[in-house]
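Subject: Structure handover

Hi,

Here is the structure I promised to pass on.

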Amino acid sequence: MSSAAMSSNDTMMVIALVSFAVLGWLFCAFYTAGRARANGRNYHLWLTIGLLLGPIAFVLSLVLFRSIGERHRRQRYGEGGKYDVPEMMTCPGCGESVPRSYGSCQFCGASLSRGKRK
Ligand SMILES: [Zn+2]
């Protein structure tokens with residue numbers, strides 16, 4: 001640092017830049033945490049990661065949580081994008097309609113795995 005005094009304009013500029021960076025950093029942290037929560041992850045854990053990593057966590061959340069979110073939806077609603085209507089099948093044991101994604105019949109407990117019957 002030179003001993004020359006900074007002008008007040010320079011000081012204001014530095015303050016503006018620092019607050020802008022801090023705001024951007026906080027935005028990254030909260031955006032990351034919100035995205036984590038939307039994907040069923042720990043909000044506070046990812047808020048901490050976001051505060052530590054800032055823009056890096058922001059990029060991470062864009063990459064990680066989109067794919068995790070899709071995987072979640074697929075696990076919950078089945079393959080093929082039928083998010084609202086689960087695919088139904090007839091139980092081989094009792095004849096009731098049960099979602100195919102269930103491992104076993106919710107009425108009689110028979111196994112629903114295709115082709116395999118006990
Ligand atoms: Zn059944």
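A quick definition before the notes: a crossing is left-handed if the near helix is turned anticlockwise from the far one by less than a right angle, and right-handed if clockwise. Helices (H or I, at least four residues) and strands (E, at least two) are DSSP runs, numbered from the N terminus.

Bear in mind that this is a predicted model, where local features need pLDDT of at least 70, side-chain atom pairs count only at pLDDT 80 or more, and totals for chains, interfaces and linings use all residues. Residues are numbered from 1 along each chain as its sequence is written.

Overall picture: the protein chain has three helices and two strands, in the order α-α-α-β-β along the sequence. Of its 118 residues, 11% count as buried (20 or more other C-beta atoms within 10 Å of the residue's own; exposed is 12 or fewer, partly exposed is in between, and C-beta atoms are placed from the backbone). Of the contacts with a separation of 6 or more, 26% are between residues 24 or more positions apart (a contact means C-beta atoms, placed from the backbone, within 7 Å).

Now the helices. Just after α1, Gly40 has a positive phi of about 75°.

Then comes α2 (residues 43-53), whose axis comes within 8 Å of that of α1 and crosses it at roughly 150° (axes are lines fitted to C-alpha atoms, for helices over the stretch in contact, with angles from 0 to 180 degrees between N-to-C directions). That makes the two roughly antiparallel (over 145 degrees), and α1 passes α2 in a right-handed crossing. On the α1 side, the residues that meet α2 are Cys28, Ala29, Phe30, Thr32, Ala33, Ala36 and Arg37; their partners in α2 are Tyr43, Trp46, Leu47, Ile49, Gly50 and Leu51.

One more spot to look at: Cys108, in the segment after β2 (97-99). Cys108 is partly exposed, with 13 other C-beta atoms within 10 Å. Leaving out residues up to four places away in sequence, Cys108 touches Cys91, Gly93 and Cys94. Cys108 and Pro92 are 16 residues apart in sequence and 9.8 Å apart in space, C-alpha to C-alpha.

Cheers

Definitions and conventions: Parallel < 35°, antiparallel > 145°, perpendicular 65-115°, else oblique. Contact = placed C-beta atoms within 7 Å.
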